Amino acid sequence: SGNFVVPDSKYGEEYTYLLSSTTNKVDGVIVEYKVAGTDDATYTTTKPITPGNYTARAILPGDATYKELILEDDFSISKINGNATFGINDIYYGGTIVTEVNSDTHNVATAQIEYKVAGADDSTYTTVQPILAGNYTARVVLPENENYFSITMTDDFSIFKYAGSGVLNANDSYYGGAFTIQLTSDTNDITSAVFEYKVAGASDDTYTTAKPVVVGNYTVRVTLPANDAYGQVVLTDDFRISFLPAPSSPYSISGTTGDNGYYITPVTITPAKGYLVSDKLDGNYTNSLIIDSSMTEGGFYLLNTATGEKTAGIFTGAFYIDIELPFIDAIDDNVYYAEYVEISVKDENLSKITVNGEEVVNISNGTAVLKLNSEGGLMQYKIEVIDKAGNLKEITVVVAAAWAKSGVVPAGKSINLLKDYQYNLGEGQWQLEGDSTNYNGNITFYIKEEGEYTFVKQ
């Protein structure tokens with residue numbers, strides 16, 4: 001009898017059998033090996049080293065006392081983990097993915113490399129190499145071989161986009177005109193560019209797509225969207241909107257001048273050739289501007305007809321305009337039958353009043369009241385009113401006593417008579433004071449000269 005044991009081992013480990021017998025000598029033992037389960041004819045003394053399941057047989061020789069003793073034992077040599085390294089470098093879009101697999105235990109030519117988006121489920125692994133920019137994980141599988149288990153390794157890598165580029169130039173412009181922006185890029189699509197604007201120096205939170213139109217300093221920000229190869233590009237430039245400088249001779253003034261710096265007709269402002277004019281910055285622009293009343297500080301704006309650009313206010317100083325004649329509250333050449341009449345005269349720029357050549361001094365706040373008497377007869381008054389601008393209003397009125405309506409002169413009174421008026425004498429005989437000539441009554445007469453007359457009834 002005896003005991004024979006071959007312990008299990010791992011590939012590459014040295015192993016030896018354990019043998020003992022109480023009957024046969026172990027010296028001269030023959031140990032043979034075969035793959036477990038195969039025919040005994042396959043036994044060989046060659047000690048197996050590759051992983052697998054085996055049967056070992058120990059043949060102990062017999063002697064005079066004991067026959068030959070055969071002992072068997074099953075054992076196994078198991079595979080072990082191999083070693084390998086795997087690396088993959090980051091690349092830029094369009095570059096070639098290069099993997100490096102090294103192993104002393106496996107045939108790297110049999111390696112299978114797969115890819116997925118970093119963080120995605122392992123079920124998404126594919127052998128198709130990624131080409132778009134992003135973060136990825138690569139997995140390599142080295143199949144198991146005769147001696148070593150399979151090896152699976154992973155490595156993360158990225159495909160980067162190149163930094164895009166562009167050139168932005170925002171031109172200064174004038175108020176009312178169009179401002180231009182030059183944008184070029186060899187890397188990104190400028191047709192999809194997003195334009196934003198803010199007041200220069202303001203927070204970036206204030207950017208808006210609305211184009212500025214008010215005079216001031218601004219910043220434009222242009223964003224070019226990323227594409228497969230190039231990242232997003234953000235460009236900025238500063239620009240200014242200002243008023244158009246006025247031409248050297250911006251306007252001409254036409255109008256009739258009066259006295260004391262006044263115009264006595266409306267003033268026409270005519271802009272320089274190629275411009276329109278308005279009294280408001282964003283008002284209605286026309287070929288000329290007519291001013292018909294005084295302004296303490298005149299100003300207007302010009303618009304360039306070719307570009308739509310506008311100037312700031314152009315100040316001309318004060319305009320003094322008075323196109324109205326003074327007002328006299330009476331009718332020219334009218335006869336007023338009354339002992340006296342009061343005639344109002346008004347003009348905000350009233351300067352001087354004369355009545356029959358004599359100046360009236362009781363003028364107050366551009367107003368005067370003229371008291372004109374008939375003096376018991378017919379009095380003709382020539383009223384002349386002039387304002388500061390030199391506008392002259394003249395009228396002539398007659399103030400006549402009540403008897404003048406009938407034309408019958410009163411007897412014994414000194415009365416003023418005017419030429420070109422018809423007079424009558426009452427019944428009876430009449431003499432003109434200072435004249436001994438008798439005149440029949442109930443006749444019509446005229447006088448040759450204006451003056452004081454007294455008719456006496458005989």
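Predicted model: local features only at pLDDT ≥ 70, side-chain atom pairs only at ≥ 80, totals over all residues.
Residues are numbered from 1 along each chain as its sequence is written. Local features need pLDDT of at least 70, side-chain atom pairs count only at pLDDT 80 or more, while totals for chains, interfaces and linings use all residues, and side-chain values use heavy atoms, without hydrogens or water.

**Exercise 1.** Find how many helices and strands the protein has, and state why it is more spread out than a compact globule.

*Solution.* Start with the DSSP runs: helices are H or I, at least four residues, and strands are E, at least two. The protein has zero helices and 39 strands. Next, take the radius of gyration over C-alpha atoms; the globule rule is 2.2 Å times the number of residues to the power 0.38. The rule gives 23 Å for 458 residues, but the radius is 64 Å, well over that, so the protein is more spread out than a compact globule. Finally, the C-alpha trace spans about 220 × 40 × 30 Å along its principal axes.

**Exercise 2.** Give the strand order of the open sheet of four strands, then name its edge strands.

*Solution.* Strands pair if DSSP finds at least two bridges between them. The order is S14-S18-S17-S16, with mixed pairing. The edges are S14 (173-174) and S16 (194-199), each pairing on one side only. Inside, S17 (residues 216-224) and S18 (residues 233-242) run antiparallel, joined by nine bridges.
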